[in-house]
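Welcome, and thanks for taking a look at this one. Here is a short briefing to read alongside the sequence and the 3D view.

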Amino acid sequence: MAAAVNVVVLGELARHFLLLSLLSIGGANSILPEIQRRAVDVEGWMTSAEFTQMFALSQAAPGPNVLIVSLVGWKAAGYVGAVVAMAAMCAPSSVLTYQIANAWDRFRDAPWRIATQVAVAPVTVGLILASGYVLTRSIDHEWQAYVLTATIAAVGFMSRVHPLWLLGVGAILGAMGLV
Amino acid sequence: MRVGVTAAAPAPTDVGLKDLFTGFLQVGISGFGGVLPFARRMLVEERRWLTADEFNEILALAQFLPGPNIVNVSVIVGRRFQRVAGSVAASVGLMLMPLAILLTLATLYAGVAQYPIVQRATHGVSAAAAGLMIAVALKMGQPLRKSAWKIVIASAAFIAIGVVRLPLVWVLAVLGPLSYAIAWRLR
């Protein structure tokens with residue numbers, strides 16, 4: 001009963017991403033380890049290696065970073081899964097954003113609003129650094145790959161080179177069998 | 001200063017649903033690894049729907065809230081001109097093409113994924129992309145350097161999620177209020 005299974009998986013996709021939508025402070029980059037934890041460890045929709053492939057694809061394609069979510073849905077339940085996962089990921093935060101925008105002028109300068117923004121920043125930075133770390137640990141197995149990741153991190157941090165060039169360098173070095 | 005996010009200020013009414021859809025459609029396919037700069041270009045420089053200040057204000061709100069920042073921007077801009085229908089037109093326009101392109105790529109990729117050269121290239125791309133993620137975190141972390149408590153909170157989030165791999169819900173439930181309490185005391 002593939003269809004029945006699919007409905008269950010679609011429900012699980014919706015449940016996970018409806019929640020993650022509201023937890024994704026700082027955007028999709030903050031929740032990559034959590035997406036990986038749920039998709040790989042909890043639900044078994046894909047292997048860790050497949051998750052990193054999906055991550056690579058989503059980074060190499062045009063569009064917002066959040067699109068990794070659609071590939072998780074696609075792996076779990078095909079094209080419908082991709083749309084369900086994306087919709088679930090965007091709907092709660094969008095509704096919240098719409099509602100808050102109505103009242104933004106009233107609390108824009110409120111002390112609690114400013115304190116919230118100050119409080120969120122370090123948490124976001126820690127989460128995104130964790131994303132980089134978790135991805136590195138699951139992608140890099142040999143020292144060459146660690147050197148590549150560290151070099152790209154340093155170049156990306158210190159220069160304004162377009163990210164696509166750096167991904168291209170990774171693709172070429174990888175294809176040549178050097179990482 | 002006119003504030004961009006509420007409808008209190010008289011907004012241009014000539015930005016229709018079709019404009020919102022096509023404007024954000026263009027933004028969606030423009031950027032690799034983040035499309036915010038392209039959203040700014042479209043909104044402020046090309047179509048002039050917003051002033052630079054209005055865009056900054058909208059961006060501040062979008063980043064303040066959970067969810068993909070760029071989707072939040074599309075929701076706020078769409079709402080400003082055409083209420084709920086505008087938000088839907090803008091956000092669907094934003095995501096439609098990137099989603100179609102990515103799913104096409106993924107389907108094509110599945111057909112060639114078994115070739116060793118493709119696997120090796122993918123591995124190189126993901127190793128590089130992990131580096132880019134670290135670079136983003138370092139750039140965002142720059143302003144935190146002068147403040148010890150922010151470094152402690154950022155480190156705690158990093159260790160809890162990255163090293164110990166705790167569920168995000170619990171980490172946020174603890175670190176969120178803690179960080180807020182410190183920020184409130186020091187305000």
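Two residues are in contact here when they have heavy atoms within 4.5 Å of each other. By that rule, 83 residues of chain B are in contact with 99 residues of chain A. Please keep in mind that this is a predicted model.

**Chain A on its own**

- Chain A is built with seven helices and zero strands.
- Following the sequence of chain A gives the pattern α-α-α-α-α-α-α.
- Along the principal axes, the C-alpha atoms of chain A fill a box of roughly 55 × 50 × 25 Å.

**How much area the two chains bury**

- The size of an interface is often given as the accessible area lost when the parts come together.
- Between them, chain B and chain A bury about 8,000 Å², and 77% of this is on carbon and sulfur atoms.
- On the chain B side, the residues that lose the most area to chain A are Phe32(B), Phe64(B) and Met133(B), which together make up 9% of what that side buries.

**Polar and charged pairs across the interface**

- How many salt bridges does the count between chain B and chain A give? The count is one salt bridge.
- Glu57(B) forms a salt bridge with Arg108(A), where the closest N and O atoms are 3.2 Å apart.
- There are also 15 residue pairs in polar contact across the interface of chain B and chain A, with both residues at pLDDT 80 or more.

**What chain B brings to the interface**

- Helix 3 (52-64), helix 4, helix 5 (116-141), helix 6 (148-163) and helix 7 (168-185) of chain B each give two or more residues to the side that touches chain A.
- Helix 5 of chain B gives the most to that side, with 23 residues.
- Sorted by class, the side of chain B that touches chain A has 56 nonpolar, 19 polar and eight charged residues.

**The second largest pocket**

- The volume of the second largest pocket is about 430 Å³.
- Among the 18 residues lining this pocket, Cys90(A), Ser94(A), Val88(B), Ser91(B) and Val92(B) are the closest to its centre.
- Helix 4 (68-107) of chain A and helix 4 (69-112) of chain B each supply at least two residues of the lining.
- Which helix gives the most to this lining? Helix 4 of chain B does, with 10 residues.
- The lining of the second largest pocket has 15 nonpolar, three polar and no charged residues.

Note on methods. Residues numbered from 1 in each chain as written. Chains lettered and ligands numbered in written order. Predicted model: local features only at pLDDT ≥ 70, side-chain atom pairs only at ≥ 80, totals over all residues. Heavy atoms only, no water. 1 Å grid on protein atoms, 1.4 Å probe; cavity = no way out; pocket = protein on both sides within 12 Å on 5 of 7 lines; lining within 4 Å. Points joined across faces, edges and corners; volume = space filled by probe spheres on them. Helix = DSSP H or I, 4+ residues; strand = E, 2+ residues; numbered from the N terminus. Nonpolar A, V, L, I, M, F, W, Y, C, P; charged D, E, K, R; others polar. Buried area = accessible area lost by both parts, 1.4 Å probe. Salt bridge = Lys/Arg side-chain N within 4 Å of Asp/Glu carboxyl O. Polar contact = N/O pair within 3.5 Å; in protein donor to acceptor, adjacent residues only side chain to side chain.
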